[in-house]
Amino acid sequence: MYSVMVIDDSPFIVDVFVTMLERGGYQAIAAYSGEEGLEILKTVTPDLILLDIMMEPMDGWETLENIKINPKTREVPVLMLTAKQLTPDEAEGYGSYIEDYILKPITHRELYEAIERVLQRREMIRSDVENAQQVGLDQHLVDEYTRLAKGVDVNSRLLRILETTYNIHDSKASEKISLAIKNMENSIKFQENRLTQIKEQIKALQGKQTQE
C-alpha cells in the first residue's frame, strides 16, 4: 500500500482528499499546514505528497523548497494540487522540484490516475537507470538521464497547462508570457534531443555487451 501525505491549510479539503485516498487503497497522512507537514516528515517518509499552494503563513512553494533542501525528503515526489493557475515564472522556477501540477476540483479517478502516473514514471526511470548501470554507462550520464527523463515529462505537462491557461495567439496575452512559453518549448526540445542521444549510447553499450 502506497502512503500519500496531503498538505493543505483547509481542514475540509484535507478530509475530502484523505477520504478519496483511502477509498483508492492508499494510506493517507494528513497535515493541516506547511509547518505541520514538515514536522511530520521528520519521522514519516510517504511515497508521495499532495501539496496545496495557497496556504498561510507558509505557502506551498516555500513548503516545497523546504522539502527539497532536506536530504531526507528531497527524493519524495511532490504533486501540486491547487486551485491556483500556474504561471510561467512558477513553471520555470519550480518545474524541476515537482512531479505534476493538478488543478482543483478533481475527481476520484483523475486523482488516482495522477498519482499512479507519477509512481509508474518513477519506477520506469528506476528500471532504466538500473539497466544503464548494468551496461556500463558513465554515472554522470546516468544522473543526466534520470533528470531528463523526469524533466521532459513534467515540463511537457506544465507547458500544456500554460498553453491552456494563456492563449499566446491572443493579442491580450503579454509579450513576456508568450516569450516564456516559447522559451519553454525550445528548452523541452533541447532536453528531448539530449535524452535521445543518451538512449542511443545505452543501446550501443547493450549491443557491444551482446557481441561480447
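Visitor: In strand 4, which residue is the bridge partner of Leu-50?
Guide: This is a predicted model. Strand 3, residues 48–51, and strand 4, residues 78–82, run parallel and are joined by 3 bridges. For Leu-50, the partner in strand 4 is Leu-79.

Visitor: What is the strand order of the open sheet?
Guide: The sheet has 5 strands with parallel pairing. Strand 2 (27–31) and strand 5 (100–103) each pair on one side only, which makes them the edge strands. From one strand to the next the twist averages 20°. The order is 2-1-3-4-5.

Visitor: At about what angle does helix 1 run to strand 2?
Guide: Helix 1 covers residues 11–23 and lies across strand 1 (3–7), strand 2, strand 3 and strand 4. Its direction relative to strand 2 is about 170°.

Visitor: Which strands does helix 3 touch?
Guide: Helix 3, residues 60–69, packs on the sheet. Its direction makes about 170° with that of strand 4. The strands in contact with helix 3 are strand 1, strand 3, strand 4 and strand 5.

Visitor: Which residues line the largest cavity?
Guide: The search of the whole structure gives 1 cavity of 30 Å³ or more, and the largest cavity holds about 40 Å³ of space. Strand 1, helix 1 and strand 3 are the elements that give two or more residues to its lining. By class, that lining has 7 nonpolar, no polar and 3 charged residues. The residues are Val-6, Ile-7, Asp-8, Ile-13, Phe-17, Leu-50, Leu-51, Asp-52, Leu-81 and Lys-104.

Visitor: Where does Pro-57 lie, given that the peptide bond from Glu-56 to Pro-57 is cis?
Guide: Most peptide bonds are trans. The bond from Glu-56 to Pro-57 is cis, with omega near -5°. Pro-57 is in the loop between strand 3 and helix 3.

Visitor: Why is the pair of Tyr-26 and Tyr-112 classed as it is?
Guide: The structure has 3 aromatic pairs. Tyr-26 in the loop between helix 1 and strand 2 and Tyr-112 in helix 5 are 86 residues apart, so that this pair links distant parts of the chain. Their ring centres are 6.1 Å apart. The planes stand at 40°, so the pair is tilted.

Visitor: Which helix gives the most residues to the lining of the largest pocket?
Guide: The largest pocket has a volume of about 820 Å³. Helix 4 (88–94), helix 5 (108–134), helix 6 (139–165) and helix 7 (175–211) are the elements that give two or more residues to its lining. The most, 7 residues, come from helix 6.

Visitor: How many residues of the lining of the largest pocket are charged?
Guide: The lining has 29 residues, and Ser-96, Tyr-97, Arg-147, Lys-150 and Gly-151 lie nearest the centre of the pocket. Of the lining residues, 10 are nonpolar and 8 are polar. The number of charged residues is 11.

Definitions and conventions. Residues numbered from 1 in each chain as written. Predicted model: local features only at pLDDT ≥ 70, side-chain atom pairs only at ≥ 80, totals over all residues. Heavy atoms only, no water. 1 Å grid on protein atoms, 1.4 Å probe; cavity = no way out; pocket = protein on both sides within 12 Å on 5 of 7 lines; lining within 4 Å. Points joined across faces, edges and corners; volume = space filled by probe spheres on them. Helix = DSSP H or I, 4+ residues; strand = E, 2+ residues; numbered from the N terminus. Nonpolar A, V, L, I, M, F, W, Y, C, P; charged D, E, K, R; others polar. Pairing = 2+ DSSP bridges. Axes fitted to C-alpha atoms, helices over the stretch in contact; angles between N-to-C directions. Contact = heavy atoms within 4.5 Å. Phe/Tyr/Trp six-rings, centres within 6.5 Å; stacked < 30°, edge-to-face > 60°.
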